[in-house]
Amino acid sequence: MLVADPGTAAAWRSFRHEFAEAGPERRREMLRQRANESRTTDLHMIGRAGLGHVGGDMSVLDILTTLFLSVLRVDPEKPEWADRDRFVLSKGHTAGALYTTLAATGFFPAAELDTFAGPLSPLNGHPNRVKVPGVETNTGPLGHGLPVSVGMAVAARLSASSRHVYVVLGDGELQEGSNWEAAMTAGHRRLSNLTAVVDRNRLQQGARTEETNTLDPLDDKFRAFGWDVLEVDGHDHLALHEAFTAPRGERPTCVIANTVKGRGVSFMEDRVEWHHKVPSAEQIVAAEAELAR
Amino acid sequence: MSAPVAPANETFDCRVAFAEELSALAREDERIVAVCNDSVGSSNLVQFQKEFPDRLINVGIAEQDMVGVGAGLALSGYIPFVCGASPFLTGRALEQIKADVAYSQSPVVLCGMSPGMAYGELGPTHHSIEDLSWLRAIAGLDVIVPADPAETRSAVRWAANAARPAFLRVGRFKVPAVTGDRPFTFGAATTLRDGSDVTVVAAGTMVSRALEAAEEAAEQGVSVRVLNMSTIAPLDEDAIRRAMTETRGIVTAEEATTTGGLGAAVAAVVVTERAPVPMRLLGIHREFAPTGATAFLLEHFGLTAGDIRQAAIGLARADA
Ligand SMILES: Cc1ncc(C[n+]2csc(CCOP(=O)(O)OP(=O)(O)O)c2C)c(N)n1
Ligand SMILES: [Mg+2]
């Protein structure tokens with residue numbers, strides 16, 4: 001099991017303090033910058049490993065950065081703290097985005113990222129809670145995160161804890177029926193301590209979601225299952241922060257985050273082939289220049 | 001001019017042969033359809049989709065639906081090849097495979113793509129090493145593991161004609177051509193090399209390694225028979241019984257858990273005979289793989305030619 005990096009954890013704490021004090025424009029800039037740093041780190045990590053899911057990583061990094069750097073009540077130095085908020089990355093193929101975010105939070109030293117997908121690395125191609133602190137459950141097969149999150153939300157209720165459960169789902173992933181069984185359970189039980197975030201980039205592995213198996217109207221589907229639905233720009237950090245922290249009603253909340261797969265790297269944006277293509281060294285340089293802007 | 005011969009060390013991704021044969025069959029028979037789970041690319045169905053757009057049913061990321069839809073098509077006179085990454089096809093849709101395909105005897109061809117540890121670094125969620133144990137436990141389902149492109153081709157053709165519930169492992173980890181001109185024969189092991197001391201019963205990616213092991217063992221004076229057991233269920237029990245009387249021990253080698261796969265199947269025959277022979281079961285022993293590429297993991301779990309050779313020589317000498 002990896003252990004926390006105290007220096008990064010301390011820096012993360014002061015970031016959270018500064019964020020809490022800052023005005024909206026400053027907040028937006030703080031998160032934007034950190035998300036793009038994570039994008040760059042992730043691109044290098046994927047380039048080094050020769051594998052990864054770059055499109056979905058770029059797509060989800062504003063969501064993950066907003067959660068870990070401004071929303072989640074977690075402590076990287078006490079990953080087992082019982083009342084921590086729970087975070088589940090159901091779209092486990094974007095483990096790279098999760099690892100860079102966990103490293104930026106201080107759950108483990110950033111140097112560990114160099115081992116991503118290497119022989120015997122704790123940082124497997126899909127996240128493993130047995131080896132990586134901050135990972136709450138193992139994902140990789142799509143359609144598992146929401147049912148597990150429902151269980152975590154029920155447990156929080158049973159133990160009268162105020163902890164909140166956040167789960168990020170791919171949109172293609174929503175074609176798995178298990179999500180809808182869990183959505184029904186969450187709606188039925190009025191799990192207001194559960195927030196499901198859909199990374200709505202409209203692409204799956206091989207094609208557009210709507211050409212493969214239509215998901216729209218997604219908001220109506222969740223409402224029909226007993227959820228409150230918020231729809232936001234998934235790259236607008238302030239809108240995401242607002243949606244993640246707004247007072248909850250009596251139902252679970254679904255945040256449909258409209259995103260762009262490959263976001264931030266012009267030649268990857270909204271292109272299906274970048275689902276798991278690996279960028280060349282030159283492409284990484286070009287991407288880095290765009291992200292430094 | 002003689003036909004070009006592939007260099008002996010050339011290796012192949014069996015998905016290519018699979019896809020070519022499936023398209024060829026589809027041209028001959030309009031009942032052939034393909035069903036997949038957002039896996040047009042990873043199942044090598046791009047060409048099939050181009051040629052037969054209406055006969056490719058991509059249900060999206062929904063394996064239970066995929067197998068159920070396959071069964072519905074089969075029960076309506078079509079011959080569906082249901083293609084998805086093997087871990088999700090078998091793990092996620094196991095009950096559909098049992099109830100809708102095997103128990104209902106709907107002639108669906110389940111094609112487990114990239115099985116074993118072909119997805120190396122993507123980890124245990126993406127490895128399909130339990131499939132042989134799970135599926136062998138289901139009545140009325142054939143379990144087939146071709147060893148190379150040629151055998152993959154003939155197994156696909158057999159499955160299309162046989163019209164019976166079948167599971168086919170379609171390999172992605174590159175393997176050399178080993179079966180030569182011996183086509184897939186349902187339910188029968190093929191002897192790829194004869195030997196008199198020990199028999200190695202291998203399947204899939206392990207077959208070429210077993211042949212290599214036999215070659216090396218011969219140099220050390222141990223004569224190893226190599227059986228390509230491409231039908232795991234129903235098992236060729238006669239071939240096992242012959243190995244028991246004609247050689248003195250049996251090594252099984254599979255890129256799968258030994259809990260219920262090829263090794264367990266062979267052992268069940270061996271221990272119920274009057275004079276069992278000693279065995280070694282090579283495979284993965286109820287363990288999740290650590291992170292690593294396929295070749296690394298095969299080494300990690302003792303599935304190299306050297307490991308097979310050692311096991312075979314060990315058996316030969318122990319008994320000498
Ligand atoms: C059960 C299951 N089936 C298939 C896959 C293979 N797979 C990995 S990622 C992916 C596409 C996911 O698309 P989406 O959920 O939209 O994620 P994103 O666009 O954010 O990458 C597929 C089909 C899988 N991981 N699990
Ligand atoms: Mg998507």
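The second largest pocket has a volume of about 530 Å³. A pocket is an open set of points on a 1 Å grid over the protein atoms alone, with protein on both sides within 12 Å along at least five of seven lines, and its lining residues have an atom within 4 Å of a point. Grid points are joined across faces, edges and corners, and a volume is the space filled by probe spheres set on the points. This pocket is lined by 25 residues, and Asn138(A), Pro141(A), Pro124(B), Thr125(B) and Phe288(B) are the closest to its centre. It lies between domain 1 (11-176) and domain 2 (190-318) of chain B, because both give residues to its lining; the domain bounds come from an automatic or database domain assignment.

This is a predicted model, in which local features need pLDDT of at least 70, side-chain atom pairs count only at pLDDT 80 or more, and totals for chains, interfaces and linings use all residues. Residues are numbered from 1 along each chain as its sequence is written, chains are lettered from A and ligands numbered from 1 in the order in which they are written, and side-chain values use heavy atoms, without hydrogens and water.

The largest pocket holds about 860 Å³ of space. Among its 45 lining residues, His53(A), Gln205(A), His276(A), Leu122(B) and His126(B) lie nearest its centre.

A cavity is a set of points where a 1.4 Å probe fits but cannot get out. The structure has four cavities of 30 Å³ or more. Residues lining the second largest cavity include Phe68(A), Arg84(A) and Glu136(A).
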